[in-house]
Amino acid sequence: MLNRIILTSLLSVFCISVTQAFQDDQVTLLKKLTGASPIMNGVSLSERYEQKSKEQAAAYLKQQMDEFCDEVTISSYSKTGSNVVGIIKATQKTDQWVVLGAHFDSVRNCPGANDNATGVSLIYAVGQHIARLQNLRYNIYIVMFDEEERGLIGSQAFAKRIKKEGVNLIAAHTIDQMGWDQDGDKGIELEMPTDALRDFYLNVAKKYGFDFPIHRTNVTSTDHNSFRRIGFNAIGITEEYKNGDTTPYYHKSTDTFETVNLPYLKSTTDFMKKVFEEMLIK
Ligand SMILES: [Zn+2]
């Protein structure tokens with residue numbers, strides 16, 4: 001009995017510290033992308049708009065993704081743009097794929113914390129989580145898109161590429177702006193989901209007791225639309241714009257790490273981990 005108690009408590013301490021470590025990783029990534037801490041020795045990013053800062057951000061993201069992806073490439077599609085593309089392979093034979101994406105570029109003179117280091121940190125944390133699961137039924141692309149702010153250019157290039165390659169894509173899920181929750185209800189919005197995707201998200205919320213508001217909107221001004229417009233299923237996930245509950249620092253130099261609501265980001269990250277777990281595990 002005693003041994004079992006000791007074992008159980010050791011196990012729970014271990015699990016808590018593993019979980020904690022992953023959360024810390026997510027916040028570390030958020031800090032480095034936004035210049036709240038240096039991305040490498042002596043270099044802090046004040047934005048991710050200029051070519052040099054985007055290259056530094058992409059190299060850092062590749063390095064982080066290399067730790068849990070089966071394969072990561074910095075995929076250059078033009079002189080000015082490169083997506084960071086990670087692959088986690090299914091554990092069973094399949095030709096089916098799912099995309100989880102977020103843009104890593106910012107507008108000029110903006111640390112782009114809410115928009116969209118939060119989304120990048122979320123897909124990074126969900127990717128880490130997926131990589132530890134057994135029995136994955138689909139292959140997964142974890143993609144950090146470039147040049148969303150210049151007109152969804154990186155996601156368009158990626159979507160067109162996989163279309164051309166004949167990739168059998170089940171759906172693309174993209175995250176943009178996930179760090180503001182003034183009213184404290186932890187609400188989120190689903191942008192342009194198919195009915196099936198919406199029902200799936202709502203069922204996962206119900207099953208795991210996520211009781212925050214989930215709204216459906218027709219917003220098309222971010223990366224998920226690059227997939228939808230060439231015929232793929234797609235959904236966007238974002239903070240609650242309803243009632244104006246979105247960052248007042250949008251595209252400003254004040255969109256800093258300090259303004260991110262970390263408990264809110266964690267709540268949505270936990271939810272998205274469950275969404276992907278339910279989708280992938282068979
Ligand atoms: Zn954005």
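Modeller: Two strands pair if DSSP finds at least two bridges between them. Strands (E, at least two residues) and helices (H or I, at least four) are DSSP runs, numbered from the N terminus. This is a predicted model, in which local features need pLDDT of at least 70, side-chain atom pairs count only at pLDDT 80 or more, and totals for chains, interfaces and linings use all residues. Residues are numbered from 1 along each chain as its sequence is written.

Colleague: In which sense do β6 and β7 pair?

Modeller: Strand β6 (residues 188-191) and strand β7 (residues 214-217) are parallel, with 4 bridges. Opposite Leu 190 stands Arg 216 of β7.

Colleague: Which strand runs antiparallel to β6?

Modeller: Strand β8 (residues 234-239) does, joined to β6 by 4 bridges. Thr 238 in β8 is the bridge partner of Glu 189.

Colleague: Are the faces of β6 covered or uncovered?

Modeller: A residue is buried if 20 or more other C-beta atoms lie within 10 Å of its own, with C-beta atoms placed from the backbone. Both faces of β6 are covered: Ile 188 and Leu 190 are buried on one side, Glu 189 and Glu 191 on the other.

Colleague: Why does the length of helix α7 agree with its residue count?

Modeller: The expected span of a helix is 1.5 Å times one less than its number of residues. The 19 residues of α7 (residues 262-280) should therefore span 27 Å, and the end C-alpha atoms are 26 Å apart, which agrees.

Colleague: Which residues of α7 are buried?

Modeller: Among them are Tyr 264, Leu 265, Thr 268, Phe 271, Met 272 and Lys 273.

Methods
A residue is buried if 20 or more other C-beta atoms lie within 10 Å of its own, exposed if 12 or fewer, and partly exposed in between; C-beta atoms are placed from the backbone.
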